[in-house]
Structure formats: structure tokens, C-alpha cells
Amino acid sequence: MRASGQQAQAIEAFRAGAALHPEVAELQCNLAIALDESGDGAAARQAYEAAIRADRGLVAAHVGLGGLASRAQRFDDARRHYLDALTAEPDNVAANLALYELAQVAGRREDALAFQLRALERQQLFSAIAPQERRRVLVLLRPGDWQANIPVDFLFDAQTTTVHKFFLLGRDSLAAAARLPACDVIFNAIGEADDALESLEIASAIVERLGLPAINDPARVLNTNRVALVDVLRGIESCVTPSVTRVTREDVAAHRLPIEAPLLVRPVGSHAGHDLAKIDALADLDAYLESARAEFFYVSPFVEYRQPDGFYRKYRIICVDGEPHAYHLAISPNWMIHYYNAPMAEQAWMRAEEERYLADFPSVFGPPLQRALREIARAIGLDYFGIDCSIDPAGNLLVFEADPAMIVHMQDPVELFGYKRLYVPQIFASLERLLDSRARSR
């Protein structure tokens with residue numbers, strides 16, 4: 001009954017079974033799962049707790065309680081429940097992956113990667129079968145934190161797109177690829193990073209071996225490296241990309257840099273502004289190194305991009321099959337802007353400006369900048385990637401970063417950002433059209 005969508009009848013059947021046999025923990029757990037799926041979290045928690053009283057070692061019940069707590073953002077409780085699951089079954093995939101997520105929320109990256117690796121050593125393929133299947137996509141990923149891969153869970157329609165996510169664990173993954181489920185197209189979700197080179201090489205070999213059409217040629221992902229990107233985009237009209245140089249910790253400590261202050265410095269491989277700093281005088285580098293523990297850094301000149309109203313603007317644009325799409329606009333009085341720290345939720349005028357940007361992208365990025373964006377897509381050569389940029393005082397496109405692994409989602413509060421639901425789905429629809437077109441090209 002549950003499998004056929006008769007949720008209410010399934011719940012009553014499980015209740016009847018649990019009443020007849022309260023000592024059978026699995027019945028209580030099944031009841032809890034059905035209640036959870038129906039949206040009755042309080043009753044689900046009671047049933048999970050009854051299952052654990054009947055069998056302290058029932059892993060599924062601990063995992064279920066962890067899920068309830070996590071969705072309620074009671075992260076300490078969730079962590080405790082998942083650790084209880086691992087006490088009973090140390091290699092449980094669901095509990096380890098959940099703790100991977102929670103450790104990242106808490107900023108404990110190394111702990112997160114350890115939990116992820118324990119899960120992936122047991123299972124590398126994760127499949128979600130669409131009930132109204134129209135396409136089958138094999139997604140190639142590598143182990144890593146949230147920035148390692150394109151966050152594909154937000155991109156595909158679960159009702160119509162079957163997704164097989166395959167994590168690459170060294171060269172053995174190449175042989176395992178021969179046993180993967182049948183698919184129509186490969187989506188390489190691996191982003192650029194120093195430690196991604198082997199995974200990208202394996203991904204290229206899998207694409208060649210399977211002979212399927214592919215999205216995002218793994219070899220072209222390297223074009224989005226911060227240093228390489230400057231050369232890739234050189235000469236594009238109406239496009240400015242500040243120089244980026246990779247230096248060692250010793251170079252920074254000795255103030256032996258190729259540019260003068262003011263400059264920007266960040267650890268190689270960092271994202272989301274982690275340890276990114278503006279250095280107004282070289283003497284400030286000494287204090288910076290006390291907190292930034294990396295061995296390699298990127299340095300680039302700071303370009304003032306504040307607009308006449310005193311605010312900074314950072315636009316995120318998603319390119320799909322060569323076409324740019326507006327995704328979001330972050331406005332802030334501070335130069336280091338990220339959507340999560342910009343006061344978009346607090347300021348109605350900022351949201352109104354973002355809505356105008358989404359509704360009429362070409363009015364903000366006029367013909368010269370639209371041409372520049374398409375030329376950037378051609379030069380980088382990826383089918384799907386994002387651009388973070390602004391518009392400098394001279395009206396040029398000021399490119400901060402290009403990266404396939406930028407997040408695209410519709411998880412913002414609908415009461416504040418409901419307008420996004422009119423425009424962001426256009427990105428998803430464009431990606432679906434690309435997948436279907438590539439699948440037909442076989």
C-alpha cells in the first residue's frame with residue numbers, strides 16, 4: 001500500500017501490526033517511516049522511539065530519528081542519533097553520509113571527509129529511479145566537500161529524470177564502470193581543484209570507454225582554474241579578468257609578491273570566501289598568515305567595483321549549452337559578497353532589484369556584455385558552469401570566478417524570494433533540453 005501511494009491505509013496497517021506485535025521493532029520502524037513521509041513528524045518520532053525500546057540496535061530507527069532532528073535543525077540531537085546508529089553498525093552508509101553533511105555544517109571538514117570515505121568504501125553507486133522516467137543520467141563525482149562537485153540533487157526533476165550517481169575511488173572505478181546501469185547520457189559533475197586531477201582523468205576514461213554522449217568534458221574543467229582562466233578569457237571584448245598568481249607560503253611571508261597592495265589573497269582550493277582577505281599594505285600579510293594555515297595561495301590585484309550608490313553587486317550567471325541565464329544578484333555595502341551574507345532578506349529594495357535582473361537580464365547586461373558572456377562560454381568550452389561577476393565603473397564585465405560547481409537551487413524562503421520560482425526553473429529546463437538533445441545524438 002505504501003509503495004502504491006496509499007499512505008493512509010499503509011499507516012493503519014502498520015499500526016495494526018505494531019499493536020498486535022509491539023515486540024517487533026521493524027513494525028514500529030516501518031510505521032515511523034510512513035508517518036514521517038506523511039508529514040507527521042511528532043508521531044513518527046514516537047514510533048521510532050518505540051522501535052528502539054524494542055531493539056536498541058535497530059539502525060534504521062536511529063537514522064530515522066537523526067533525519068527528523070536534522071530537518072528541524074536540531075543538529076546536536078541529529079549527530080547523537082547518527083552516532084548511535086554507527087555504534088550498532090559502524091559502516092552504515094546512510095548514517096555516515098548524514099554525519100558527513102553535519103560535520104560540514106559545523107565547519108569540521110576533515111571529520112566530514114572521514115565519514116564520507118567510510119560510506120563510499122562500502123557503496124559508490126547511488127541510484128534514484130524516476131517514477132515517470134524520461135531520461136537516464138549517469139553522474140560522475142569525486143569524494144570531497146560540498147565544493148568538490150556540482151550539487152546535482154537540486155538540478156534534476158526526480159519525477160522524470162533517473163539519476164545514477166557514481167563516485168570515483170581511484171583507478172578501480174574504471175573497471176567498475178563496466179557494471180553500471182544503462183544510461184542515456186553522462187554528466188561530469190567534478191569541479192576544478194588541485195586534488196581533482198586524477199578523478200578528472202578517470203572520468204575522461206569512463207566517458208571514452210562507455211561511448212555515451214557527455215556533458216562537461218572533464219579535460220575542459222581545467223579551464224576554470226583561477227590562474228588558467230585569466231589566459232582562457234584574455235582578449236574577450238568588454239571582459240576584465242584580474243590577474244591571478246599562485247604563490248607559496250614562503251613568498252607571502254617574505255612579501256615576495258608580483259603585485260602591489262591593495263591585493264586579494266586566498267588559499268588555493270578555498271571557496272565561499274574562506275580565508276579570503278583584502279590586504280591594504282604588505283605588512284598586513286604577517287597577521288593574515290597567523291590565521292590562514294595553507295601552504296599555497298592565490299594573489300590578485302583588488303579592483304574597486306563599488307557602484308555610485310555605494311553598494312557592491314555580485315551577479316551569478318549560469319551558462320547552459322553556451323547560453324547565459326541570470327540566477328541571482330547579491331547586493332552588499334561590503335566588497336566581499338556572498339549571497340548568504342548579503343542583506344537580501346532584510347532589504348526589500350534589494351530583492352526588487354534582483355527580481356528586475358531575473359525578469360529582464362538583457363536590460364542589466366546589455367548587448368556588449370551578452371556577447372562577452374557567450375564568448376566566455378565558448379572559450380571555456382563547458383556545457384554547464386557558473387560565472388560570478390560584476391560590472392566595473394567603465395561598464396565592462398568584471399569576472400571573479402567561473403566554476404561548474406556553483407550551487408543552483410530554489411530553497412530560499414518563498415515568502416521573501418517567491419519571484420525566483422518564475423525564473424530559476426528556466427535553468428533546469430535548459431539543462432533538461434541539453435540532456436535530451438545529447439541523448440538523441442547517440
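**View 1. The cavity count comes to one at 30 Å³ or more.** On a 1 Å grid over the protein atoms alone, a cavity is a set of points where a 1.4 Å probe fits but cannot get out; lining residues have an atom within 4 Å of a point. Volume is the space filled by probe spheres set on the points, which are joined across faces, edges and corners. The model is predicted: local features need pLDDT of at least 70, side-chain atom pairs count only at pLDDT 80 or more, and totals for chains, interfaces and linings use all residues. Residues are numbered from 1 along each chain as its sequence is written, and side-chain values use heavy atoms, without hydrogens and water.

**View 2. The largest cavity has a volume of about 40 Å³.** Its lining is M410, Q411, D412, F417, K420 and R421. By class, that gives two nonpolar, one polar and three charged residues.

**View 3. The second largest pocket has a volume of about 250 Å³.** A pocket is an open set with protein on both sides within 12 Å along at least five of seven lines. Among its lining residues are R71, F75, Y82, E101 and W146. Helix 6 (93–105) is one of the helices supplying at least two lining residues; its four are the largest share.

**View 4. L140 is among the residues with the most contacts inside the largest nonpolar core, which has 61 residues.** Such a core joins buried (under 20% relative accessible area, 1.4 Å probe) nonpolar residues through side-chain atoms within 4.5 Å. Helix 15 (residues 367–380) gives the largest share, seven residues. A second, separate core of 28 residues includes V93 and F428.

How values were computed. Buried < 20%, exposed > 50% of the residue type's maximum accessible area, 1.4 Å probe, protein only. Nonpolar A, V, L, I, M, F, W, Y, C, P; charged D, E, K, R; others polar.
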